[in-house]
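Trainee: Please take one part of this model and go through its geometry closely. I would like the cut-offs stated along the way.

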Amino acid sequence: MTRLSNSTLAQVGPPVGLPAYDRDLVRIGVVHFGPGAFHRAHQAWYFDRMLSRRPDMGVCAVSLRTPDVRDALAPQDGLYTLVEKEAEPALQVVGSILQVIVAPEDPSLVFRRLLEARYVTATVTEKGYCLTTAGDLDLDHADIRRDLERREHPSSLIGWIAEGLSRRRRHDLPAFTTISCDNLSDNGLKLRRAVIAFCEARGDRELARWIESEAPFPSSMVDSITPATDDALLQQVRSALGLEDAWPIQRERFVQWVVEDQLGADADLFREAGVTVAKAVAPFERAKLRLLNGAHSTLAYAGLGLGCATVFDAMNDPRLAGFVEAMMREDIAASLDAPELDVPEYIGKVLARFRNPAIVHKLSQIAWDGSQKLRFRLLETIAEALGAGRRVDRLVVGVAAWMRFVVRQTRAGAALTDPLAEALAAVGRSCDDGEDDIDRFLALSEVFPPALAADATFRAAVAQAYRGLGSDPNVVLAA
Ligand code: CS2
């Protein structure tokens, strides 16, 4: 079958949507690190909308390691199909990605693009920020140590941004604006601090000061449920387009991007494309991370333990659905200070999105990288609840279910997708379902901040949930 590309695009017609601008006129204005499915479902779609108004928001996507996105998109001139999975699906060809570079293959080209771009965006997942549990740059991280030695060939997002900004300064160019689009609390602040700490660690004080005063790092909250591409999607796109698309993307129709107002004259451009430009992003970010992602991870680990495969399945199990709703409405809501948000209504909408029958969102996908996700999704909420003297018995269930998940996977000889996989497997192997299991997990300082790990109330609550999940999950979920 013929491949989707610039030269075959004219064969595609309604109901499939097409780029509403002349692609020949588009110029690169954005360098994006980490062009996984989420970027292509979310930011690339927003930039596509901006291109109808201004041709200088084209995207150069940089893959930090693997060539698979480049290999799929290069023969398609960067074009791909985005499918909104609803009762009435909508298909659209997105044209904002002009180029995909595999960074290790051509670092000098990445640096050239960083001199041209006004925006740098990133979806490198939680682990890509190389942070300690205190939220500071981990100077012992292997990638950071390597990048401090070799400026010309960075391997981490932090190394790329620091050296990219350094070159702009040397060329007398203004700093680019860097927007983190990952699910971390205060993502812009943390990224900015990490880049500055990196510059200081390599002895570049002046650059650090220049970044402090000149380089914007707005925080941002991103949201749209994006299940991995599957065969059903490939088929659906093939028959709708009459063309082969090697890597279409699917997501729900709901999509939200809240960016802190450090966009200067471009704020209106972002707004017109549907972005919420806000003075403070933290209230949106916390609500989303704690309610949606916290519930997701809880459903994933507890649901997999009960034999569910997808979020939809888990929401059809009244025990899980009831538990997660109570946790959101009673425990997580109490931790939010978001006067501009109608929290009960927001919770209702999130739960309705989880029940979308057109979305096949695998719990095993959400279960990836638990060691990195738990902190932002559950542990910060738990630490605050403990500080305020609120109950934590429901909030810890996702944490205990994660421990059970690690033990189960290890016993089954199944690989864990997690940057700490080796350490987790070692813990999993030494577990015997007794009390000591909890201490083995809590000793993982990359996961649990020391003060939380040492908190007796926390430990007792996790131990109780862990025991309960092993003996009678119904009792735990009825809490
Ligand atoms: C999910 C998120 O995979 C996961 O961990 O919780 O990807 C979630 O679907 C998005 O954050 C929704 O915006």
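Mentor: Helices α7 and α8 are roughly antiparallel to each other, therefore, a label given to angles over 145 degrees. In this predicted model, local features need pLDDT of at least 70 and side-chain atom pairs pLDDT 80 or more, while totals for chains, interfaces and linings use all residues. Residues are numbered from 1 along each chain as its sequence is written, and side-chain values use heavy atoms, with hydrogens and water left out.

Helix α7 covers residues 187-201 and helix α8 residues 205-214; helices here are DSSP runs of H or I with at least four residues, numbered from the N terminus. Their axes come within 7 Å and cross at roughly 160 degrees. Each axis is a line fitted to C-alpha atoms over the stretch in contact, and the angle, on a scale from 0 to 180 degrees, is taken between N-to-C directions. The crossing of α7 and α8 is left-handed, meaning that the near helix is turned anticlockwise from the far one by less than a right angle.

On the α7 side, the contact (heavy atoms within 4.5 Å) is made by Arg192, Val195, Ile196, Cys199 and Glu200. Helix α8 contributes Arg205, Leu207, Ala208, Arg209, Ile211 and Glu212. By class, six residues of this contact are nonpolar, none is polar and five are charged. In that scheme, Ala, Val, Leu, Ile, Met, Phe, Trp, Tyr, Cys and Pro count as nonpolar, Asp, Glu, Lys and Arg as charged, and the others, Gly among them, as polar.

For context, the chain is divided into domain 1 (9-278) and domain 2 (282-477), with bounds from an automatic or database domain assignment.

How values were computed: Helix = DSSP H or I, 4+ residues; strand = E, 2+ residues; numbered from the N terminus. Parallel < 35°, antiparallel > 145°, perpendicular 65-115°, else oblique.
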